[in-house]
Amino acid sequence: MPSRLAAKVVNHEVNKAGLVDILGDTNHINTQGEEQQKLDIYAHKIFIQTLTNRNIVCGIASEEEEHFIRVNSMDKKNQNKYDVLIDPLDGSSNIDVNVSVGTIFSIYRRMTPLGTPVIEADFLQAGDQQVAAGYVIYGTSTMLVYTTGNGVNGFTLNPALGTFYLSHPNMSYPKNGSIYAINEGNYIHFPLGVKNYIKYCQMESEDRPYTSRYIGSLVSDYHRNMIKGGIYLYPETAKNPSGKLRLLYECNPMAFIAEQAGGKAINGEKRIMSIKPTSLHQRVAFYCGSRKMVEELADFILKNP
Ligand code: AHG
Ligand code: MN
Ligand code: MN
């Protein structure tokens, strides 16, 4: 985990968000005379600060910043070889209403030689090149879910001691599930294959209709699906013609965890992790979850792309 410390600090801030005036917009001066920050900007800064202090990180790209950040990588003696990509606070629309949010991150080995400045290509690697990925969920308890390509483990924060304990070893998606999670308000704009799949989820059969659950925080919807069995869908819509979720900060790390946990993640036609990124903030359609459910959805999309 690149920065357990930052996760603990963000956890602390998220938990007291209702007590101090940290919710909502910026442009506020608090009682100490400091400018108040939205929690996602706050989380971004904390992660950047703590990751910069680590002597293994050569570069960081964050959903909250247009350009990537170099970490001492101009120094010829610098041997740091990993770059980190991060969604510091996922589910920000849920902060003001006391609903679980998260942090998502992904780690790659730089492609360019040590001691030279990192370049954009170091960040634009296909998800298959990830060396580690994880998310933190700030829920009823705070958990870190993490993979280095050898299965998935979940660690729960003991708030009294400030330590993460291995509470969920070898996490895995049930092969099949009965929960589908999608913002159905956008139904009219979905591709026909996805519309048909949703109708299929609602149709009566031995194990259907399925249950619909949508929190609106990817981390929370995903975490529930991984434990109970389900599928998460964010298709292309009129408002987001390429999909809404970001390939580098959200989809690749979640896809890596999914595959390591026996699940699947696709953009409709291919594996998320096989996509060669073309820009830092690229968005993609994202379908992820229990293997059988994703395969069934893929069939619907194949018939009606
Ligand atoms: P973020 O808060 O990092 O911008 O991400 C929000 C994402 C994701 O967490 C969530 O699943 C999705 O946006 C919800 O989008 P809609 O409100 O369009 O359903
Ligand atoms: Mn997000
Ligand atoms: Mn975010």
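Helices (H or I, at least four residues) and strands (E, at least two) are DSSP runs, numbered from the N terminus. In these terms, E63 is found in the loop between strand 3 (57-62) and strand 4 (69-70). This is a predicted model, in which local features need pLDDT of at least 70 and side-chain atom pairs count only at pLDDT 80 or more, while totals for chains, interfaces and linings use all residues. Residues are numbered from 1 along each chain as its sequence is written, chains are lettered from A and ligands numbered from 1 in the order in which they are written, and side-chain values use heavy atoms, with hydrogens and water left out.

**Manganese site**

- The manganese ion (ligand 3) has E63 (OE), D87 (OD) and L89 (O) as its protein donors, at 2.2 to 2.3 Å.
- Donors are N, O and S atoms within 2.8 Å of the metal (3.2 Å for Na, K and Ca); water is not among the atoms, so sites may look incomplete.
- Along the chain, the donors of this manganese ion (ligand 3) follow the spacing E-x23-D-x1-L.
- D87 bridges the manganese ion (ligand 3) and the manganese ion (ligand 2), and the two ions lie 3.8 Å apart.
- E63 is buried, at a relative accessible area of 16%; buried means under 20% relative accessible area, exposed over 50%, and partly exposed in between (1.4 Å probe, protein chains only).
- D87 and L89 are buried as well.
- Apart from neighbours within four places in sequence, E63 is in contact (heavy atoms within 4.5 Å) with I86, D87, P88, L89, R246, Y249, E250 and H281.

**Salt bridges**

- The whole structure holds 9 salt bridges, each defined as a side-chain nitrogen of Lys or Arg within 4 Å of a carboxyl oxygen of Asp or Glu.
- E295 and R291 form one of them, with the closest N and O atoms 3.7 Å apart.
- Because they are 4 residues apart in helix 7 (residues 291-303), E295 and R291 are separated by about one helical turn.
- E295 is partly exposed at 34% relative accessible area, and R291 is partly exposed at 36%.
- Salt bridges with shared partners also join E63, R246 and E250 into one network.
- R208 and D207 meet through their side chains in a salt bridge (3.9 Å, N to O).
- R208 is buried, with a relative accessible area of 13%, whereas D207 is partly exposed at 43%.
- E259 forms a salt bridge with R271, and their closest N and O atoms are 2.9 Å apart.
- This pair links distant parts of the chain, 12 residues apart: E259 lies in helix 6 (residues 247-260), and R271 lies in the loop between strand 15 (264-266) and strand 16 (283-284).
- Both partners count as partly exposed, E259 at 29% relative accessibility and R271 at 32%.

**Sheet and packed helices**

- An open sheet of 8 strands has the order 4-3-5-6-7-8-9-10, with mixed pairing; two strands pair if DSSP finds at least two bridges between them.
- Strand 4 and strand 10 (163-168) stand at the edges with a single partner strand each, so one side of each has no neighbour in the sheet.
- Strand 5 (residues 82-90) and strand 6 (residues 101-109) run antiparallel and are joined by 7 bridges.
- D83 stands opposite Y108 in strand 6.
- Helix 1 (residues 4-15) packs on the sheet, touching strand 5, strand 6, strand 7 (132-138), strand 8 (142-147), strand 9 (152-158) and strand 10, and its direction makes about 20° with that of strand 7.
- Helix 2 (residues 39-52) lies across strand 3, strand 4, strand 5, strand 6 and strand 7, and runs at about 155° to strand 5.
- Axes are lines fitted to C-alpha atoms, for helices over the stretch in contact, and angles run from 0 to 180 degrees between N-to-C directions.
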